[in-house]
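Open your viewer and get ready to click around. We'll go from the whole chain down to a single residue.

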Amino acid sequence: MKSYKKYSLLQLIVLALIMTFSASDLFAQENKEIQLTEFLLVVQNSDNNKIVMECKEGCAWKTLSYNLSDNRKPQAIDEYGMTDLNKVNSQEDADLSNFLFTV
């Protein structure tokens, strides 16, 4: 009976050690430096229910306009212009910022 308890305790200790040293690899996060970039937008709301955006810095586009109405879906805007929220842009350009917002 005593040998069974010692064997079980030894098993638990070994198992705990294995889990302790192997878990650090499982839960380790990749240290990745994130480079933040700036962008500058000027947004104007006109009298005729229209939003006009002008990108001054960090975009591939210069001017975008969007008509507001009650039945329109939100419009996604990224560094390349009007886009779809479900579309993931695989292009990366060091001269452009990485952003996404909706109007």
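Here is a short tour, one selection at a time.

Before you start, note that this is a predicted model: local features need pLDDT of at least 70, side-chain atom pairs count only at pLDDT 80 or more, and totals for chains, interfaces and linings use all residues. Residues are numbered from 1 along each chain as its sequence is written, and side-chain values use heavy atoms, leaving out hydrogens and water.

**Stop 1: the whole chain.** Show it as a cartoon and you'll find one helix and six strands (DSSP runs, H or I of at least four residues for helices and E of at least two for strands, numbered from the N terminus). Along the sequence they run α-β-β-β-β-β-β. Of the 103 residues, 17% are buried (under 20% relative accessible area, with a 1.4 Å probe and protein chains only).

Stop 2: Now select β5 (81-83) and β6 (100-102), the edge strands, each pairing on one side only. They belong to an open sheet of three strands, ordered β5-β4-β6 with antiparallel pairing (two strands pair if DSSP finds at least two bridges between them). Zoom in on β4 and β6, which share three bridges. Here, aspartate 78 sits opposite leucine 100 in β6.

**Stop 3: glutamine 75.** Click on this residue in the loop between β3 (63-67) and β4 (76-78). Is glutamine 75 buried or exposed? It counts as buried because its relative accessibility is 16%. Beyond its neighbours within four places in sequence, glutamine 75 contacts Tyr66, Met82, Thr83, Phe101, Thr102 and Val103 (contact means heavy atoms within 4.5 Å).

Notes. Buried < 20%, exposed > 50% of the residue type's maximum accessible area, 1.4 Å probe, protein only.
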